[in-house]
Amino acid sequence: MRSLRTREGPDIQRSLFGEILDWMLAPLLFVWPISIALTHYFANNVASYPYDQALREHVAALSRQVSFVDGEAHLALPGLAEVFLRADEIDTVYFHLLDPDGRLLAGDPELPAPANPGGLARGEFGEAQLRDDEYRGQPMRIAYLYLPQPGEPGASGERRGVLLEVGETTEKRAQLANKIIASVIVPQFVIIPLAVVLVWFGLSQGLRPLTRLRNRIEARREADLSPISLGRVPEELRPLTEAFNSILARMQQNVSAQRRFIADAAHQMRTPLTGLKTQAQLAMRETDPGELKHALRQILTGADRASHLVDQLLALARAEASDRAPHALLTLDLDHLLREVVETWVLRALEKRIDLGYEHAGKVLIDGNAFLLREMINNLLDNALRYTPVGGRVTARVAALGDFVVLEIEDSGPGISEDESLKVFDRFYRGEGTGVEGSGLGLAIVREIAEVHKAAASLRPKARGVAEGEADGCVARIVFPAHRPPRQPVQEPVQTGFA
């Protein structure tokens with residue numbers, strides 16, 4: 001069966017319609033020869049039964065014409081009876097009477113005699129049996145009957161007797177069997193093609209919901225990412241449709257994130273670029289070298305702000321992309337990574353005369369991405385150093401707490417209220433009255449990276465030490481799931497023969 005397939009490149013694209021049609025018709029084509037063989041077998045048995053019965057009746061009728069005179073068997077068959085016995089227009093009928101040694105007593109010598117007449121006729125007396133033989137290459141069916149001789153059994157205890165056989169060729173049987181086979185097989189040549197047509201039509205109708213679903217998808221607008229309604233979707237296609245809707249939902253999230261990023265970038269970049277343009281226009285009007293130098297310093301400061309904003313926007317975009325894409329998380333030492341990052345901020349802290357400290361905790365393992373974690377720690381340290389005044393303190397630490405690992409960045413800045421602690425992770429949110437410049441994206445990046453690592457990020461006011469007179473401050477805390485080594489298979493102890 002040639003299914004509907006098209007070849008495209010090195011791979012074969014299979015038609016679902018052709019695949020189902022193959023699986024439905026291939027078993028039918030396999031069973032059909034078996035059906036023909038079984039039909040031939042049973043047709044021969046059915047065709048042989050009435051003719052076997054007729055042979056048994058013939059041999060039973062001839063047995064009544066056998067008589068024994070002085071222990072010798074004689075067959076007295078009237079001429080009319082012999083004519084009636086041989087009155088067959090299709091097959092040839094033979095009969096003979098054999099003594100226990102296989103010598104012909106009466107009948108046709110053409111009828112094949114059994115190789116062992118005595119051994120052949122060991123059935124019950126008076127019960128006709130059947131056997132197959134061959135004469136001149138033509139198959140024959142023979143009915144035989146063992147007739148015991150009158151008198152006492154021999155010395156061995158067995159009674160001797162004569163063998164009466166009636167045989168005929170099998171042409172009538174073959175013709176009847178062929179008619180039975182033809183009456184069964186010939187209609188199949190009409191029924192099977194009709195069944196193929198009906199199966200093809202049924203499959204076409206059964207696959208129409210799939211065609212309708214395809215048409216519904218093709219008719220959708222390019223920007224339409226709404227889920228497909230499951231109202232008229234068949235049960236078998238519902239999982240596929242739900243998976244497709246899941247893909248549409250993820251695409252909608254990606255598109256929304258891109259649009260939000262573009263809108264945020266356009267809004268945030270407009271202000272520093274406008275400031276740069278204004279500063280450049282003022283610098284062009286200045287003739288005083290001192291004022292011109294001051295204007296150039298303002299332009300440089302604005303360029304630094306714009307560069308920092310661009311870096312933050314790109315970092316946020318990378319963090320969002322990592323949150324929606326599978327990312328390789330490898331086992332790493334968070335304490336060692338924190339120390340490496342803190343070392344890069346020492347000069348910045350010295351410039352602001354801030355005491356930047358690091359508390360060593362030993363080896364603390366988590367599953368994470370080193371690049372994203374560095375970005376997260378950099379943003380936490382940048383945020384802490386920005387809001388900590390001159391002479392303040394910033395401390396970074398890692399602690400292992402059972403199934404969790406806690407990363408903390410503690411500062412001695414102006415602190416934060418409980419209400420603001422819930423808003424600071426929003427994009428472009430900046431607390432009022434701080435007097436600190438920034439993009440408002442640092443903690444948003446921290447939250448995105450934390451979600452990639454299935455961690456929880458928070459910013460809370462630091463507990464005030466009354467006795468020591470400590471100033472207000474904040475504690476940025478990231479809680480990671482601790483690394484869990486894979487379980488080793490338990491090995492059964494080896495049983496030995498020693499106690």
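Predicted model: local features only at pLDDT ≥ 70, side-chain atom pairs only at ≥ 80, totals over all residues.
**The five-stranded sheet**

Let's start with the open sheet, whose five strands come in the order S6-S5-S9-S8-S7 and pair antiparallel. At its edges stand S6 (104-107) and S7 (129-135); each has a single partner strand, so one side of each has no neighbour in the sheet. From one strand to the next, the twist averages 25°. Helix H1 (residues 16-63) packs on this sheet and touches S5, S7, S8 (138-148) and S9 (161-169), with its direction at about 40° to that of S8.

**Strand pairs**

| Pair | Sense | Bridges |
|---|---|---|
| S11 (residues 355-359) and S13 (residues 393-401) | parallel | five bridges |
| S13 and S14 (residues 404-411) | antiparallel | eight bridges |
| S5 (residues 93-98) and S6 | antiparallel | three bridges |

**Around S13**

Alanine 396 is a handy landmark in S13: tyrosine 358 stands opposite this alanine, and alanine 396 also stands opposite isoleucine 409 in S14. The hairpin of S13 and S14 has two residues between the strands, and glycine 402 there takes a positive phi near 65°.

**Aspartate 411**

Is aspartate 411 buried or exposed? With a relative accessible area of 6%, aspartate 411 falls under the 20% cut-off, so this residue counts as buried. Aspartate 411 belongs to strand S14. A polar atom of the aspartate 411 side chain lies 2.9 Å from the backbone nitrogen of glycine 413. Leaving aside residues up to four places away in sequence, aspartate 411 touches Ala384, Thr388, Arg393, Val394, Lys462, Gly473 and Cys474.

Definitions and conventions: Residues numbered from 1 in each chain as written. Heavy atoms only, no water. Pairing = 2+ DSSP bridges. Helix = DSSP H or I, 4+ residues; strand = E, 2+ residues; numbered from the N terminus. Buried < 20%, exposed > 50% of the residue type's maximum accessible area, 1.4 Å probe, protein only. Polar contact = N/O pair within 3.5 Å; in protein donor to acceptor, adjacent residues only side chain to side chain. Contact = heavy atoms within 4.5 Å. Axes fitted to C-alpha atoms, helices over the stretch in contact; angles between N-to-C directions.
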